[in-house]
Amino acid sequence: MEDFLKELPKKAQEKQTENKKFFVKLKKKPPKNLDYVMQELHENEFKKTDCLTCANCCKTTGPLFTNADVERIAKSFKQKPQQFIAKYLRVDDENDYVLQSVPCTFLGADNYCSIYDVRPKACREFPHTDRKKFQQISNLTMKNVAICPAAYNIVEEMKKKIKV
């Protein structure tokens, strides 16, 4: 896994033009069964991918924290939301709550998340490859293939399976 992770940004860069063209066509005319195809590709990939051997998303990027995330996580720490925000978060350029730094504060050395049961929505849904109306998040997917081996593999399978 470590070797693949080292190569991933380069591989994603090499595929960027091809992926961009694919997603532009997909957005213009998404197949009627796209959600089903993506669900199947996502499930198949995650039958063979163990995020605990990777955790690259947690090591290299940080999620957005919604107000609901902040309230839920703060409650689990028996803190007021403002205390949680002051200790762990900052507001980014787009006025979103994000972690003060990466790797994620809540990631353990064993790649386990210390707040897994109450983790942010963005973490629960990552890499977003089983989202409905998948074609609407192509920019996000393009970023995620450089971070997540599963997302990279899913997009490669998707290009084989969906003719645009």
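This is a predicted model: local features need pLDDT of at least 70, side-chain atom pairs count only at pLDDT 80 or more; totals for chains, interfaces and linings use all residues.
**Entry 1: A122**

I started with A122, which is in contact with P63, L64 and H128 once its neighbours within four places in sequence are left aside. Contact here means heavy atoms within 4.5 Å. Residues are numbered from 1 along each chain as its sequence is written, and side-chain values use heavy atoms, with hydrogens and water left out.

A122 lies in helix α6. Helices (H or I, at least four residues) and strands (E, at least two) are DSSP runs, numbered from the N terminus. For the cut-offs, buried means under 20% relative accessible area, exposed over 50%, and partly exposed in between (1.4 Å probe, protein chains only). I also checked A122 against P81: they are 41 residues apart along the chain, and their C-alpha atoms are separated by 18 Å.

**Entry 2: D69**

Next I looked up D69, which lies in helix α4 (residues 67-76). D69 counts as buried because its relative accessibility is 1%. Which backbone nitrogens lie by a polar atom of its side chain? I found the one of T66 at 2.9 Å and the one of K121 at 3.1 Å. A polar contact is a pair of N or O atoms within 3.5 Å; within protein, one must be able to donate a hydrogen and the other to accept it, and residues adjacent in sequence count only if both atoms are side-chain atoms. Not counting residues up to four places away in sequence, D69 touches L64, R119, P120 and K121.

**Entry 3: α1 on α8**

Then I turned to helix pairs. Helix α1 (residues 2-28) packs with helix α8 (residues 149-161) at an angle of about 40°, and their axes are 10 Å apart. That angle is why α1 is oblique to α8. The scale goes like this: angles under 35 degrees count as roughly parallel, over 145 as roughly antiparallel, 65 to 115 as roughly perpendicular and the rest as oblique. Axes are lines fitted to C-alpha atoms, for helices over the stretch in contact, and angles run from 0 to 180 degrees between N-to-C directions.

The crossing of α1 and α8 is left-handed. A crossing gets that name if the near helix is turned anticlockwise from the far one by less than a right angle, and right-handed if clockwise. On the α1 side, I noted F4, L5, L8, K11, A12, K15, E18, N19, F22, F23 and L26. On the α8 side there are P149, Y152, N153, V155, E156, M158 and K159. Sorted by class, this contact has 11 nonpolar, 2 polar and 5 charged residues. Ala, Val, Leu, Ile, Met, Phe, Trp, Tyr, Cys and Pro count as nonpolar, Asp, Glu, Lys and Arg as charged, and the others, Gly among them, as polar.

**Entry 4: α2 on α8**

How do α2 and α8 pack? Helix α2 (residues 34-48) meets α8 at an angle of about 135°, with the axes 10 Å apart. They are therefore oblique to each other, and their crossing is right-handed. From α2 come L34, V37, M38, E40, L41, H42, E45 and F46, and from α8 come A150, N153, I154, E157, M158 and K161. I got 8 nonpolar, 2 polar and 4 charged residues for the contact of α2 with α8.

**Entry 5: α4 on α5**

I went back to α4, which packs with helix α5 (residues 81-88) at about 95°, with axes 8 Å apart. So α4 and α5 are roughly perpendicular to each other. V70, E71, I73 and A74 of α4 meet P81, F84 and I85 of α5. This contact has 6 nonpolar, no polar and 1 charged residues.

Most residues other than glycine have a negative phi, and most peptide bonds are trans. V102 and P103 are joined by a cis peptide bond, with omega about 0°, and P103 sits in the loop between β3 (97-99) and α6 (121-125). The bond from F126 to P127 is cis too, with omega near 5°; P127 is in the loop between α6 and α7 (138-144).

A55 is not a glycine, yet has a positive phi of about 60°. I located A55 in the loop between α2 and α3 (56-60), and at 5% relative accessibility A55 counts as buried. N111 has a positive phi of about 70° and lies in the loop between β3 and α6. N111 is buried, at 14% relative accessible area.
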